[in-house]
There are 2 protein chains.
Amino acid sequence: MPKNRTLFTKRFAGKSGIGELMDDLGQAMASGDKLMLGGGNPGYIPEVATLWRDRLNEMVNSSNEIDSVLGNYDTPQGNENFINSIVSFFNRHFNFGITRENVVITNGSQCAMFNLLNILGGTGEDGIKRKVLFPLVPEYIGYADLHLEDDVFLSLKPIIEDLGFNRYKYRIDRDNLNKIKENLGALCVSRPTNPTGNVLTDDEIDFLHLFSKKRGIPLIIDNAYGAPFPQILFKDITLKWDENIVLSMSLSKIGLPSTRTGIVVANREIILALSRVNAITSLASGSLGQGITYPMLDDDRLINISKNLVKPFYQKRSNLTLELMDKYFQGIDYKVHVSEGALFLWVWFPSLPITSKELYTILKEKNVLIIPGNYFFFGLKEYWDHSDQCIRINYSGEERVVKEGIRIIGKTIKGL
Amino acid sequence: MPKNRTLFTKRFAGKSGIGELMDDLGQAMASGDKLMLGGGNPGYIPEVATLWRDRLNEMVNSSNEIDSVLGNYDTPQGNENFINSIVSFFNRHFNFGITRENVVITNGSQCAMFNLLNILGGTGEDGIKRKVLFPLVPEYIGYADLHLEDDVFLSLKPIIEDLGFNRYKYRIDRDNLNKIKENLGALCVSRPTNPTGNVLTDDEIDFLHLFSKKRGIPLIIDNAYGAPFPQILFKDITLKWDENIVLSMSLSKIGLPSTRTGIVVANREIILALSRVNAITSLASGSLGQGITYPMLDDDRLINISKNLVKPFYQKRSNLTLELMDKYFQGIDYKVHVSEGALFLWVWFPSLPITSKELYTILKEKNVLIIPGNYFFFGLKEYWDHSDQCIRINYSGEERVVKEGIRIIGKTIKGL
């Protein structure tokens with residue numbers, strides 16, 4: 001490999017903080033029995049797994065369904081049946097008013113976000129750098145390294161609303177947002193938010209939507225955990241779409257992460273751009289997730305699975321883990337972000353005498369793996385001490401693992 | 001979308017000659033009954049499809065195999081079982097002497113090539129642009145648009161060896177290659193070659209290998225059609241690997257294109273770089289192709305399928321299509337590149353009174369879809385009239401379609 005790295009190598013193949021964290025987690029996991037609260041894998045829901053098995057059985061034993069799914073490249077835009085099903089599903093349930101030209105399928109939503117952020121943000125032909133604004137960090141760690149250029153991501157601190165009883169909620173800081181002078185290419189939020197479990201309110205989304213419209217830029221909503229599938233979302237919200245919204249979705253968290261199926265609903269211009277990038281860089285996306293689920297979109301099984309199996313599973317796990325925290329963190333200065341969705345609980349230790357990164361290392365030695373919070377605060381203009389006081393915990397693993405992990409975290413912090 | 005496009009948009013989401021060709025082909029296909037000789041889809045081999053169905057049945061009906069394949073993200077490097085199987089397979093059959101650290105799995109080999117070419121070629125931190133050299137064009141159309149930067153690809157014309165009886169073969173022009181003064185980042189060849197069906201000889205590969213070693217750059221061999229799977233390769237060659245070779249492979253042409261499974265064997269540094277890019281841009285690759293095939297690598301079913309089913313299928317089709325050409329092209333000045341592998345026959349019409357692009361348009365009006373040859377000559381420093389005299393024909397479709405298509409092509413050219 002060239003010693004003088006290319007831009008691409010430097011940005012995506014070099015050492016990165018997150019990459020090192022992932023390597024470190026991987027090595028820790030490989031070195032013996034660990035309590036893993038750090039990953040992003042969805043939980044195992046036996047009833048849902050059975051549905052995938054049944055559907056695959058149907059495909060394998062039909063006259064030629066599986067042959068056709070396995071043996072043909074789809075177009076770069078995606079599988080025709082699946083796109084039709086997505087269109088009619090969202091028009092039927094949510095009045096999106098979309099056509100086939102508003103949908104593209106990607107090899108997972110990470111890939112969709114990589115393409116989107118590099119299309120919408122960055123230096124244009126006019127030499128002006130348009131930034132991607134994350135109006136509320138902490139935000140998904142996986143965005144942090146996604147851009148080809150330095151210094152394209154800009155983010156804002158939230159307002160912290162203390163809800164009492166060791167709970168709090170992040171709110172969009174609208175005044176600060178309105179002060180933004182930079183040239184922007186897009187706004188981006190995950191909703192529900194990884195890592196916090198926050199769900200931006202309808203009113204906040206309306207505000208961001210109006211803001212982005214005024215600026216003439218799209219609002220990207222990463223809906224990987226949201227409604228109507230997988231519905232790891234514990235409060236009622238309105239799902240809206242118009243030409244100014246880019247809605248990114250995924251089949252990962254409903255239980256099909258390895259099929260790498262990302263779905264983007266956006267205006268025609270953006271869909272055409274994403275399809276073209278897909279053609280050049282990937283030829284086509286994988287077909288299996290699309291093939292498994294398109295009839296389940298048509299007959300609403302997917303929405304029912306989400307509502308009746310997936311959501312209750314996570315809601316129960318979240319509640320249980322919150323109870324464990326309130327038990328084992330007693331006597332510690334801690335606040336948990338309200339759990340409104342996603343796989344994670346986000347815990348803030350305002351009086352932590354060390355950084356969350358140091359806490360990560362100490363916990364790792366005690367065989368408990370968590371994600372230190374500092375990685376989720378990319379794009380801020382100045383240091384914020386809050387960013388070193390939080391940790392992310394995946395609550396969807398085995399109950400035994402989560403319970404023992406929380407117990408050790410509590411004991412460790414008390415002993416600091 | 002920003003009117004002033006970013007570099008990424010301009011390179012990958014804008015209009016491109018190939019993109020327009022693909023759109024045009026897609027629209028033509030959608031507009032009624034067409035004889036499709038233009039695509040890159042592998043043929044349908046019923047016996048092979050049955051093997052995939054049987055294996056999927058086994059996975060679905062085992063206690064938890066399919067649950068685990070569908071429900072878990074693999075690491076960015078790939079699935080552990082599959083990587084182990086690849087390592088022991090290539091060590092057992094070909095004495096590669098590789099370890100797990102020499103293998104990475106990607107979402108298809110197109111994606112692997114995108115990452116590889118942008119890692120190895122382009123402007124380095126020292127400001128020097130290192131080019132990717134294609135030592136023999138015509139070469140795979142899908143490489144042409146893969147780089148972030150302009151003017152990174154450099155290519156050389158071949159020596160044309162007339163074999164008589166309307167057959168010819170391209171040879172590496174070694175003298176010209178030795179004259180290359182440019183800074184290089186990598187050499188790249190597909191073997192068997194898409195679009196020509198050429199297979200570089202062992203001696204040519206040894207020459208390129210030595211050349212790249214002397215230059216201190218890797219030799220990328222895109223083995224998507226080659227040995228030992230899918231073995232769409234009609235002559236005996238030696239499959240070699242060492243630290244200086246990047247071997248790219250795929251499960252697409254053995255019949256699993258929609259699983260998007262690319263396999264790269266390379267030195268540790270390159271594998272680490274590719275894994276990191278995968279982590280950032282895709283999180284992980286799809287698991288299904290890996291899950292289906294790893295036991296078939298272990299018990300050599302995959303190599304036997306390739307040898308006993310896949311290779312004979314294509315060999316027979318190729319021979320049949322060559323016979324059809326010799327029949328229907330009688331009286332035309334034509335030469336077909338010797339068919340040594342891949343899905344394509346490459347026909348040169350030295351006295352064609354129009355360009356192959358114009359021929360494409362005329363044939364499209366007669367419902368026959370082929371790929372005009374000019375797109376495969378990217379990277380040349382100057383115009384070569386040969387590039388407007390060739391067409392690519394996919395011979396792996398239904399016999400009826402291929403026969404009727406060849407007949408119409410012959411008749412059309414005679415009528416020019």
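Trainee: Which charged end sits over the ring of B:F344?

Mentor: The charged end of B:R392, 3.8 Å from the ring centre. A charge counts as over a ring if NZ of Lys or CZ of Arg is within 6 Å of the ring centre and within 35 degrees of the ring normal. This is a predicted model: local features need pLDDT of at least 70, side-chain atom pairs count only at pLDDT 80 or more, and totals for chains, interfaces and linings use all residues. Side-chain values use heavy atoms, without hydrogens and water, residues are numbered from 1 along each chain as its sequence is written, and chains are lettered from A and ligands numbered from 1 in the order in which they are written.

Trainee: What about A:F207, what sits over its ring?

Mentor: The charged end of A:R174, 4.9 Å from the centre.

Trainee: New topic. How many aromatic pairs are there over all chains?

Mentor: There are 50. Rings of Phe, Tyr and Trp (its six-membered ring) pair if their centres lie within 6.5 Å; planes under 30 degrees apart are stacked, over 60 edge-to-face, the rest tilted. One of the pairs is A:F153 with A:F378: tilted, 6.4 Å centre to centre, 55° between the planes.

Trainee: Is A:F153 buried or exposed?

Mentor: Buried, at 11% relative accessibility. A:F378 is buried too, at 12%. Buried means under 20% relative accessible area, exposed over 50%, partly exposed in between (1.4 Å probe, protein chains only).

Trainee: And A:F329, which residue does it pair with?

Mentor: A:F349, edge-to-face, at 5.7 Å centre to centre and 65° between the planes. Both A:F329 and A:F349 are buried.

Trainee: Which aromatic cluster holds A:F8?

Mentor: One formed by A:F8, A:F12, A:F114, B:F8, B:F12 and B:F114.
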